[in-house]
Amino acid sequence: MEPAACLAVPDAQRIRLDVTGAVQGVGFRPFVYRLAVDEGLAGYVRNTAAGVTLEVEGPDSAIERFLARLRREVRPPALIEGLSRKSLEPTGRQGFTISSSSSDAAPSAHILPDLAMCEDCRAEVFDPADRRYRYPFTTCMHCGPRYSIIETAPYDRARTAMRHFAMCPACQAEYDDPASRRFHAETNACPDCGPQLALHAVDGTLLAKSDDALQGGIEALREGRIVALKGLGGFQLLVDARNEEAVARLRERKHRPAKPFAVMVGSSAEAEAIAHLSPLERDTLESAAAPIVLLQARKDAVRPLAPNVAPGNPNIGLLLLITPLHGLLMDALGFPIVATSGNRSGEPIAADDDEAFARLADIADFFLTHDRPILHPVDDSVLRVIAGQPTVLRCARGLAPLVLPDPKQTQPLVALGGHMKSALALGRSGQIVLGPHIGDLAHSETREAFARSVTTMRSLYAVEPAAVACDAHPDYHTSRVADGMGHPVSRVPHHLAHVLAVMTEHALTGPVLGVAWDGTGCGEDGTLWGGEFLTVDGTAHRRVAHLLPFRLPGGEAAIREPRRTAVGVLHALHGDALWDRGHTPLAAFSAEERGMLRAMSERGLNAPLTSSAGRLFDAVASLLNLCQRASFDGEAAMAVEFAAQAARTVHALPRPVIVPEGDVMAIDWRPMVSALADAAFAGVEAADLAAGFHHWLAETIVALARHEGISQVVLSGGCFQNALLTELAMTRLQEAGFRVYRAIRVPPNDGGLAVGQAAWAARLLDKVTG
Amino acid sequence: LAHGSGGLLTHRLIEEVFRPAFAQSPEDFTHDGALIDVPGAQIAFTTDSYVVRPLVFPGGDIGSLAVNGTVNDLAMCGARPLWLSAGFVIEEGFPVEDLRRIVGSMRDAAQAAGVRLVTGDTKVVERGHGDGLYINTSGIGAVVALQPISPRQVQPDDVVIVSGDLGRHGMAVMAARENLGFEPPIVSDCAPVAAPVLRLLEEGVNLHCLRDLTRGGLATALIEIVESAGVGMELEASAIPVSAPVRGACEILGIDPLYVANEGRFAAIVPEGDAGHALSILGEFDGAATVIGSVRSGGTTGSVALKTMGGSYALDRIAGEQLPRIC
Ligand SMILES: [Fe+3]
Ligand SMILES: [Mg+2]
Ligand SMILES: [Zn+2]
Ligand SMILES: [Zn+2]
């Protein structure tokens, strides 16, 4: 119903808009202000806990123009998701104001991820005439910390770590000036009023402050020392990436023998000197998240890195400048530096000064820190371009919290995710919010960080859960946490959660055929699954096919030693006759070990059965002698992928054999492995066999898809971090007429499990109540 | 039911089935045995059933195990073991010769531990129903400890001592059962530990808590303690004594020695100031006795952290078989 006043004064209207989406901390209010002033409208705009509310009053035509421009001219990272409009009685008041926030209602506004330094700020930092010349904490409306410094929503300076810094008159003037890039920029600061650098020795002694501290850090890095730098989301360990001896020292102190390090470079041009860069990869590197991007290293690198940065790895993870502090460092150094998380492998990133001094004292030579607290640690994000899309492998700084719409979310819930790659998700009124990657919950520190992450996310999003979702594995730490929360617990089967994560990302309700391929997750029958085909439709789900199970002699020991898994696979192939054959993996064991392995495989002694595709990769890595022992997660599977990518020809392997087992199909890989092992023994190139294996896997997926005949196919699980497998499977499925969906914004690995758990738990709740 | 391995499932059975039915106070069923006040004295009373396969293994048999297990449970209550009962469930057709040998080994074990077998019972069950032989023993001891010995006494900064090297019993039994043929064979640590415990008490060592490291091994025992004590614990991985053969066998089999059963090992939690004294006494009985960690004041309560070169790992109760968690 339109108020009568509108008819009486046809050219004066007043409307109210409630805007939701990424509209806080992104210059949205100044943007609205400029538009309104431009169109000669009166009114106000303010942040609310739910987003932004604004009222504009003026001629009808001006309001319509304002609305059109609002949608058209809004620029990322700002994003309008919902816009509800209401007509009001004109008030006749003049002028347009930005009013301070209200903190009513449940916060549902986007909490923005941290944003890397923008071009404008970078220009100022390197301009000797600018008052922010060489100031490492220069930010504006378009860049700087967000999630990592917020105390409570809505996002306002008084509710962030910036409240410790009172703005000087010059900064305040910018903050109040609608024409300024820093108009209402909550992180606004300058050398006179903002955070300051400090350089400390390992024992905590203060060595220098401000620019002297920066110079000291630069000197240390030039000399090949290891510097712990307090970055945007936490401490990073930096060292000269050209200096083999220095990199070796970092590896030794971090107890990280072989896992590749990420390398920071000053620009895309410098990145290009190290790795091949497609336009899409360049855009990904330069995006506001400033993630680590996995790239193909140049063999003919103009600026070669030390070989131990990413030993034996054809890929290299590169990242660009995150903050002006990184910009100043890199500008002075002029060479690439290793930039790895400030932790020991698997532990959470250190963010607090005291914590860093304690935990990194054995690793770093110097600490370059500052007095702006990091309230919520966030590690670097990791992406890889797969099948023409930047695919998130680790959702953290710059990307988390990640908000996904899910209409099934009606009751607040917490989903606790996986075990090794932990990240939790919240379900709340129409959304799932994925929190940042935390780390491996085998570690006690990671468990503490995970508990803090639960508290942080719950309070930021004001979620008082009515239910908790976790994995079905009884021994995941998160299963215990779930039991201790005092709410009904929904134990979501691992591979179902993998499929649901992708369905949520693409808003699919089903029916889908989910191809859930990963390492090892607890299956619905209590055995280890990982090579699964599941159909999902609404709340109905069924395992329709799986890889033929084989044994993992030694359980987790087999996952660390692919040669054991190869024995499990060969035992499934040859039975006891295996021990008389001359397979490569057998040669990797002593006579005593062979005897023990024999007993284990024959009797199933600490040799659990698995149907895992990831573990089949491990076995193939061993059979092709690419990796007998893995020093980090995924090393063996990566070795097989890399070999395949270098193949000159594809060695064809016997087609997949699909055997009905009751109402489930078993995929018999034995003819394939047998041929692969024989060919390897006969001297066929490992690379060509690795390629043949990839083709076999893709063919298996297509065969099953044809058999099930469901038009939508979902690829999910850690195996689809493998670009070659993903691209082969997608191409072939699409050629066969299937629509293929996979994890792109949500990690395909266990880092995305929480999304699927939240989605599934909500579907079940919805079924019960609706 | 798959509730055998002393881990999470057994814990749940106790918490969800037995404790609700029998416990009259929250203290009941929190320990290996019950302390009972009788006129003029306090006694400890405990019972245990033994179902080991095979019945004979390097270093012992079901008979010596049935005596030592119950003797050790009494010792863990700070009691001098005095009297045992023995109940035998024998499968029809079980060779009398074997039974005679096992009973002989019970007599020897009782003699060595200074206890008397004073009463018993025998039942024969149908062929195929008894798995050879089961033995139940109950024991009564006189409490010597002047102060309570329980997880509740555990204080921050207390130190954790183990009485000897770990994992031999479980590995010896597994090797015998699965015919693994380790060379040289691993011999069980099955033995009474009453003597060292009584010496500790006699010499006035302040024992806050004692726990035998049987099913579920060191890890499960310590997790139970920190959970009921509401403290955290930090262990130094390199300090935990595991013999080279056990370590090697565990490595090949992919088994964590901290979860392997022992039958002659216990953990003592004592104030920091008493640690040296306790160690010098325990050292007379077993050279491998050593301090392996301490009780933490800060951090997460109810958790045991294992410090290694590669970082600090949290130990968990494991549900049944160890199912890999690496995805
Ligand atoms: Fe998984
Ligand atoms: Mg007992
Ligand atoms: Zn900026
Ligand atoms: Zn200022």
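Biologist: Why does Asn47(A) count as buried?

Modeller: In this predicted model, Asn47(A) has 25 C-beta neighbours inside 10 Å. The cut-off for buried is 20 or more. So Asn47(A) counts as buried.

Biologist: Where does Asn47(A) lie?

Modeller: In strand 2 of chain A, residues 42–48.

Biologist: What makes Arg29(A) buried?

Modeller: Arg29(A) has 24 other C-beta atoms within 10 Å. The threshold is 20 or more, so Arg29(A) is buried. Its place is in helix 2 of chain A, residues 28–38.

Biologist: Which annotation covers Arg29(A) and Asn47(A)?

Modeller: The UniProt annotation "active site" covers them, from an unreviewed entry. Such annotations may be inferred rather than shown by experiment.

Biologist: How do you know that they cluster in space?

Modeller: They are spread over 19 residues of sequence, yet the largest C-alpha distance is 7.9 Å. Arg29(A) is also in contact with Asn47(A). Contact here requires C-beta atoms within 7 Å.

Biologist: Which other residues is Arg29(A) in contact with, leaving aside neighbours within four places in sequence?

Modeller: Val45(A), Val52(A), Ile98(A) and His184(A).

Biologist: Why is helix 2 of chain A called largely enclosed?

Modeller: Eight of its 11 residues are buried, so helix 2 of chain A is largely enclosed by the rest of the structure. The buried residues are Phe28(A), Arg29(A), Pro30(A), Phe31(A), Val32(A), Tyr33(A), Leu35(A) and Ala36(A).

Biologist: What covers the buried residues of helix 2 of chain A?

Modeller: The cover includes strand 2, strand 3 (51–58), helix 3 (60–73) and strand 5 (96–98) of chain A. Just after helix 2 of chain A, Gly40(A) takes a positive phi of about 70°.

Biologist: How is chain A divided into domains?

Modeller: The assignment gives domain 1 (4–98), domain 2 (197–382), domain 3 (402–490) and domain 4 (549–687). The C-alpha centres of domain 1 and domain 2 of chain A lie 44 Å apart. Separately, the unreviewed UniProt entry annotates residues 211–398 of chain A as "domain: YrdC-like". That span is 30% helix and 23% strand.

Biologist: How far apart are the centres of the domains of chain B?

Modeller: The C-alpha centres of domain 1 and domain 2 of chain B lie 23 Å apart. Their contact takes 22 residues from domain 1 of chain B and 24 from domain 2 of chain B. On the side of domain 1, helix 2 of chain B gives the largest share, nine residues.

Terms used:
Residues numbered from 1 in each chain as written. Chains lettered and ligands numbered in written order. Predicted model: local features only at pLDDT ≥ 70, side-chain atom pairs only at ≥ 80, totals over all residues. Domains from an automatic or database assignment. Helix = DSSP H or I, 4+ residues; strand = E, 2+ residues; numbered from the N terminus. Buried ≥ 20, exposed ≤ 12 C-beta atoms within 10 Å, placed from the backbone. Contact = placed C-beta atoms within 7 Å.
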